[in-house]
Amino acid sequence: MSRIVAAAAIRGSHEVVRLVEQEYEAALSKYGPEGRIGFPGTAFYLPMAYALLGVEVETLGQMEPVLEEARSLLSEEPTERAWLPYLSSALDAGIATLLGQEMLMALRYLDGREPIPGWHGFISDTILRSLGIQLVDGRLPGFAAVIGAAPDNETAVYVIRELQKRNILTFLIGNHKGRTMRDQLLEEGVIPEDPVAGWDIYIVPLGPETHHVIYSLNWAIRGALTFGGVRKGDWEKALKYCKDRIFAFGLGLGDIDDLKYASGAGAINMGFPVICDTPVPEIRPTGVCTYEELVHELDYQKLIPTCVEVRGVKVTVREIDIPVPVAAAFEGETVRKADMHCEFGGKYSTCFEYLRMRDMDEVEDGKVEVNGEDFHEIEEGGARPLSILVEVAGRKMHQDFEPILERQIHTILNHALGVFHMGQRDMPWIRISKDAVKAGLRLRHLGQLLIAEYHHRFGAIVDKVQVRLSTDESEFPPLLTEARKAYNARDERIAGMTDESVDIFYSCTLCQSYAPNHVCIISPERLGLCGAYNWLDGRASYELNPAGPNQPVPKGRVIDPVKGQWEGVNEFVYQASNKTIERFNAYSLMEDPMTSCGCFECIVAIVPEANGVLVVNREYLGMTPLGMAFTTLAGTVGGGAQTPGFLGVGRLYITSRKFISAEGGLPRIVWMPKELKDAVMDRLRKRAEEIGMPDLPDKIADETIAETSEDLLEHLTKVDHPALSMEPLL
Amino acid sequence: MAQRPRTINEAARTMLECAACEGVELAWERLEAMQPQCGFGKLGVCCTICAMGPCRIDPFGMGPQEGVCGATAATIVARNLARKIASGCSAHSDHGRTVAHALLLAAEHPESGYRIKDERKLRRLAEEFGIAHEGRSAEAVAKELAEACLGEFGKLHGELVMAQRAPEPRKAIWRELGIMPGAIDREVVQLLHQTNMGVDADAKNLLLSGMRCALADGWGGSMIATDLQDVLFGSPKPLRTRTNLGVLKEDHVNVIVHGHEPVLSDMLAEASRDPEILAKAREVGAQGIQLAGICCTGNEVLMRRGIPPAGSFLHQELAVLTGAVDAMVVDVQCWMPGLTRLAQLFHTRFITTSPKAKHPGVEHIEFEEQRAYEIAKTILLRAIEAFPKRDPAKINIPKHEVDVIAGFTAEYVYTLLGGKYRPSYRPLNDAIIAGRIRGVAGVVGCENPHLTQGWGHVEMMKELIRNDVLVVATGCSALAAAREGLLTPEAAFIHGGRGLAEVCEAVGMPPVLHVGSCVDNSRILIACCEILKEGGLGSDISDLPVAGAAPEWMSEKAITIGFYVVASGIFTIFGQPQPVMGSPEVRDLMCRQFEEIVGGYYAFEADPVKAAQLMIAHMNKKREALKLRPMMYEPAAEMTMASE
């Protein structure tokens with residue numbers, strides 16, 4: 001019964017706080033109260049303490065109030081009879097445990113005891129942001145914190161495949177009698193040695209102790225701060241955000257001890273239920289969580305379906321009749337050389353994929369044609385040429401949708417377990433694993449998969465699909481010529497589109513499930529800040545789902561052509577932002593700029609002393625000349641609030657003609673990380689030439705030139721950067 | 001009548017048997033001696049308002065149907081009832097005023113011994129009353145708040161501040177009907193005026209005014225009392241103690257606090273720990289001082305200080321019979337003058353303390369808030385003096401005492417269901433919506449020797465919880481339930497339906513929640529508002545699957561409570577009928593037409609199980625209107641019913 005659970009959680013919280021107190025004393029005597037403390041790659045200090053208590057812990061001394069709060073939440077165990085209400089004490093014990101475990105891990109980072117080799121450890125802000133879009137568009141419907149280990153390896157693999165099949169991100173935590181789920185999955189070859197590589201297959205081992213669960217939870221709480229616009233210390237909103245918007249759950253495998261109960265109580269505070277494979281007492285009345293708080297399911301066949309049901313995770317699993325499982329969770333899987341049966345393209349052979357629209361009577365729906373050697377006929381380790389021709393027809397199909405649909409070939413094929421796909425157009429690289437071929441995978445199955453997925457995802461515009469796959473290079477030339485002509489034509493068409501040439505923009509409110517007041521306006525010259533949606537995507541998405549997150553926004557009367565303000569857009573944004581944003585300028589950084597959800601690829605930030613801006617990408621971990629890393633800057637941008645001087649943008653926008661054109665555009669850029677600069681250099685040069693400043697790209701500093709504002713200014717003066725002589729930004 | 005058991009409680013039965021052997025006369029004997037009681041009074045058709053009377057209307061239609069002035073049965077019944085409402089309202093509201101005075105004292109004279117114990121609530125109330133509080137001392141804020149609350153009794157214009165807590169649709173109804181209360185005193189005065197000879201002869205108009213006066217109690221005087229008591233004496237949270245006569249200790253100086261206001265008793269509790277007092281107690285051979293409560297004073301010190309309640313209304317005389325009560329200290333309301341003669345048969349010092357409540361032959365130590373601590377000590381010294389005078393032959397403390405969990409409030413529900421970081425009513429609303437809990441019933445009120453003591457309360461509660469109804473209880477009802485073990489979490493598994501038991505188990509709470517004294521019925525109103533705010537159960541109190549009951553009522557205050565509960569939109573059952581049965585017109589108004597007018601209405605049903613079934617039927621009706629899911633589980637198996 002619940003009393004047993006409450007008693008255990010309360011005991012566990014005492015245990016955690018006692019442990020922190022010991023370690024804290026030891027650290028204090030070793031490093032003193034000024035000893036620096038924190039986690040790598042976060043702007044949120046100790047994120048749980050920051051979110052719940054609003055404290056910015058940077059030194060050991062500053063940890064004291066957090067410890068004090070944790071202590072104050074401890075209570076006595078409920079008595080054997082005539083007990084006092086214990087739900088509140090158990091929940092408080094859970095918070096004490098969260099705060100305690102976070103401090104414990106921070107103390108271990110202090111002297112290098114974390115992360116434990118082979119385990120991931122703390123999860124950085126960057127990972128959260130880059131997963132943002134997947135979290136909102138349903139590709140990653142939720143996450144599971146698996147604590148303990150399965151009774152045997154076979155069950156471990158079964159459970160993890162069930163999770164992967166549903167695209168649920170899984171964290172492996174703790175152990176059962178010394179055995180970890182990581183051990184089990186490593187032994188079965190399901191996961192790689194490198195824990196970071198686990199992100200690609202949705203399985204990330206965090207740490208072998210129960211305490212390591214905090215890494216998943218203080219990652220989740222940052223969702224509220226990053227996407228939800230929740231302020232530090234607003235514990236009520238932060239926890240409610242987690243309950244309402246983050247579909248996480250705990251899965252306890254093996255015995256549940258006091259510590260696991262206490263951690264579970266912490267998770268329940270966040271609205272994350274706990275499901276166990278042992279007969280633990282249940283807590284079924286709902287309300288703290290959306291559905292039940294604690295349940296058990298002893299039948300492994302039903303275990304994951306129960307988890308999904310109890311948390312209300314929205315998953316769509318479709319069985320596609322090919323010999324290997326198909327799910328987004330397999331997208332990041334690589335097929336290593338040793339596991340490879342055969343490969344296509346890359347530097348080894350000709351390979352291309354091409355999707356074209358045909359008339360209705362020219363396409364026979366469901367037809368798969370195969371020509372040439374099939375996988376099993378190729379010798380192990382062999383490379384062959386490959387062409388993939390997808391032909392679609394549909395009453396609502398439009399030529400503009402061809403490139404959008406074609407790009408999906410990459411994603412669709414990657415979802416098959418044992419198929420690795422990279423690149424696009426005439427530069428793909430495909431590998432097929434030995435296991436897949438052994439399981440019976442053949443060329444025709446790729447065709448079937450493509451057809452099924454096009455119907456499923458694009459049913460609104462695609463009525464008929466047929467596919468031809470060929471490994472016989474002799475038939476390539478005419479088709480390849482046509483394909484290359486089409487690739488060029490498509491590039492020219494989108495390059496020629498301007499904001500002025502269309503009357504309608506598209507909105508994107510996909511992220512409102514996370515950032516309720518944020519709305520993106522996507523125009524031909526400004527793609528979504530996540531980098532994943534351009535204007536054509538917006539249009540296609542609207543065609544696919546007229547009630548969906550991408551709606552047409554008529555520009556209406558022009559209010560300011562320079563800053564990019566339109567009556568129709570303002571009206572739309574006001575409504576769609578829940579009446580929080582009255583107007584915005586599409587091309588301005590300084591005046592009523594566009595808001596951000598939190599999953600922006602880059603941040604544009606004003607550098608006042610240089611009269612310019614810097615652009616920093618989220619992969620860049622170093623310091624910017626503003627004295628802030630990306631993660632810290634990101635804290636000022638997300639959550640759907642307008643912050644003049646700061647903008648979240650997609651990479652492609654940097655070289656758009658409309659890049660902060662209200663403030664003078666490209667010549668304002670004074671600094672970018674080298675990696676970003678290199679990545680956009682071709683387009684940067686082209687754009688610089690267009691505006692008559694061909695040497696501009698060379699004048700933009702990077703971290704190898706300047707990491708402080710002094711060095712930056714010195715450099716800018718030396719190279720006579722145009723920003724210095726432009727109109728004052730402020 | 002003689003065959004009906006006087007009580008369902010074991011300890012009380014023990015005392016009654018001993019009382020019989022000593023030939024002492026108690027309320028039950030006095031009731032028997034009073035038989036047959038006046039039928040006209042009972043039916044409400046006796047009018048003594050003017051000196052042309054007394055008039056009485058023949059309920060059988062044979063005799064006169066109009067009084068001397070021409071007043072019909074309806075007019076007479078309604079006027080009499082209205083006067084009772086005014087009386088009840090003045091009792092609760094005067095209680096509220098006393099507390100407001102004490103708060104003022106705490107603000108102006110901290111040396112009085114009163115202190116502000118819940119500053120957060122003080123500031124929240126200040127916010128509500130539009131008093132600037134940021135950056136100001138608690139005392140400065142308290143002074144202004146106390147004055148603002150005192151102002152509520154006599155303000156010239158406007159509606160009561162706390163009545164604004166009611167949901168918007170409810171307030172719209174009150175304003176439409178002209179029953180939104182203004183100044184509390186004024187509502188009492190106007191109602192009394194309306195009942196004066198030759199003023200209001202319209203029963204409906206009288207009863208609507210009665211509602212306005214009652215609302216001035218429930219959403220005014222009582223609510224002020226509750227909230228300011230929390231500020232002054234601390235907001236209750238669940239605690240565990242023991243109850244029944246067995247809490248009296250043979251080797252301690254036993255002091256019973258009885259009545260309604262915690263202003264004195266809280267100070268007595270404080271003084272009972274004074275080293276000087278304890279030393280004096282030891283001097284006379286006592287181990288210490290045992291404070292115990294009776295009636296609502298008992299509830300007040302129970303829920304804030306964990307002081308064990310010795311009993312409820314009908315226990316007041318039984319406690320003296322133990323021969324171990326060294327002092328019985330009363331303040332106001334519900335103490336029986338019969339105590340005076342009874343105490344004289346024992347060594348018990350019977351002490352009155354309020355200038356409003358005296359009795360010839362009784363020692364009166366007048367309580368002055370300014371010298372509260374000093375007076376409290378004086379009173380305790382009297383008890384200590386009495387201790388050596390106990391007659392060992394008369395000492396007979398029944399060994400009965402049971403665990404009790406008490407001290408739930410509308411505010412505490414947030415913490416109860418979510419802890420410090422997830423405070424919420426959601427789990428309660430969820431439980432109702434999902435069909436684990438059918439609804440919530442407030443079972444409240446007095447005891448009455450006309451009925452077997454505790455039978456109405458306890459049987460009604462058992463039937464309700466068996467049907468998955470969460471019960472909240474105040475006053476003597478809560479104490480009766482406590483004595484039978486219903487205020488323990490285990491009771492959910494013994495008596496509760498499966499759905500309710502699941503919720504109680506998850507939370508660790510009893511199926512019957514002790515929410516305080518009779519002014520704390522205001523807490524139930526606030527809880528209703530909080531449930532509505534949480535969402536999913538309608539927009540007005542009358543939408544909620546809730547009901548109220550006073551199965552063993554006797555005081556005029558109960559009538560007032562009934563009226564503000566009904567006027568707030570809640571179906572309410574009284575065990576014995578109110579004195580209105582002499583006018584079919586008034587009865588029809590209350591038991592039928594009120595529903596259309598204010599959403600709430602009355603039923604009179606003395607059988608507690610049948611009454612519970614009426615409440616359940618009402619909740620089912622409301623659940624259906626809200627389109628809630630059917631109940632998750634069948635009711636628990638019927639317990640063997642204790643029946644008359």
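Modeller: Gladly! In this predicted model, strand S20 (residues 602–607) of chain A and strand S21 (residues 612–617) of chain A run antiparallel and are joined by 6 bridges. One of the pairings to look for is that of Ile606(A), whose bridge partner in S21(A) is Val613(A).

Within H18 (residues 630–637) of chain A, the buried residues include Phe630(A), Thr631(A) and Leu633(A), along with Ala634(A) and Val637(A). These five cover an arc of only 155° around the axis, which means that they sit on the same side of H18(A). After H18(A) comes Gly639(A), with a positive phi near 80°.

Chain A has another open sheet to set beside this one. Here strand S1 (residues 143–148) and strand S2 (residues 169–173) of chain A run parallel and are joined by 5 bridges. Ile147(A) has Ile173(A) as its bridge partner in S2(A). The sheet has 6 strands in the order S3-S2-S1-S4-S5-S6 of chain A, and the pairing is parallel. Its edge strands are S3 (203–207) and S6 (294–296) of chain A, each of which pairs on one side only. Neighbouring strands of this sheet are turned by 25° against each other on average, direction ignored. This sheet, too, has a helix packed on it: H11 (residues 300–311) of chain A touches S1, S4 (248–253), S5 (274–276) and S6 of chain A. The direction of H11(A) makes about 145° with that of S4(A).

Now let's follow chain A out to its partner. There, 27 residues of chain A are in contact with 29 residues of chain B. On the chain A side, helix H1 (2–31), helix H4 (87–110) and helix H9 (235–245) each supply at least two residues. H4(A) gives the largest share of that side, with 5 residues. By class, the chain A side divides into 18 nonpolar, 5 polar and 4 charged residues.

On to chain B itself, which is divided into domain 1 (73–233), domain 2 (239–394) and domain 3 (409–625). The centres of domain 2 and domain 3 of chain B, taken over C-alpha atoms, are 31 Å apart. Their contact takes 15 residues from domain 2 of chain B and 16 residues from domain 3 of chain B. On the domain 2 side, the elements that give two or more residues are helix H12 (295–305) and strand S6 (309–311) of chain B. The largest share of that side, 6 residues, comes from H12(B). The domain 2 side has 7 nonpolar, 7 polar and 1 charged residues.

S7(B) pairs in the parallel sense with strand S4 (residues 253–259) of chain B over 4 bridges, and Val330(B) is the bridge partner of His258(B). S7(B) also pairs with strand S8 (residues 349–352) of chain B, again in the parallel sense and over 4 bridges; there the bridge partner of Met328(B) is Phe350(B).

Let me finish with one residue, Ala372(B), which lies in helix H15 (residues 372–386) of chain B. Ala372(B) counts as buried because 23 other C-beta atoms lie within 10 Å, where 20 or more are needed. Leaving aside residues up to four places away in sequence, Ala372(B) touches Ser112(B), Gly113(B), Tyr114(B) and Met267(B). Ala372(B) and Met267(B) are 105 residues apart in sequence, yet 6.7 Å apart in space, C-alpha to C-alpha.

Definitions and conventions: Residues are numbered from 1 along each chain as its sequence is written. Chains are lettered from A and ligands numbered from 1 in the order in which they are written. This is a predicted model: local features need pLDDT of at least 70, side-chain atom pairs count only at pLDDT 80 or more; totals for chains, interfaces and linings use all residues. Domain bounds come from an automatic or database domain assignment. Two residues are in contact if their C-beta atoms, placed from the backbone, lie within 7 Å. Ala, Val, Leu, Ile, Met, Phe, Trp, Tyr, Cys and Pro count as nonpolar, Asp, Glu, Lys and Arg as charged, and the others, Gly among them, as polar. A residue is buried if 20 or more other C-beta atoms lie within 10 Å of its own, exposed if 12 or fewer, and partly exposed in between; C-beta atoms are placed from the backbone. The arc is that of the directions from the helix axis to the C-beta atoms. Two strands pair if DSSP finds at least two bridges between them. Axes are lines fitted to C-alpha atoms, for helices over the stretch in contact, and angles run from 0 to 180 degrees between N-to-C directions.
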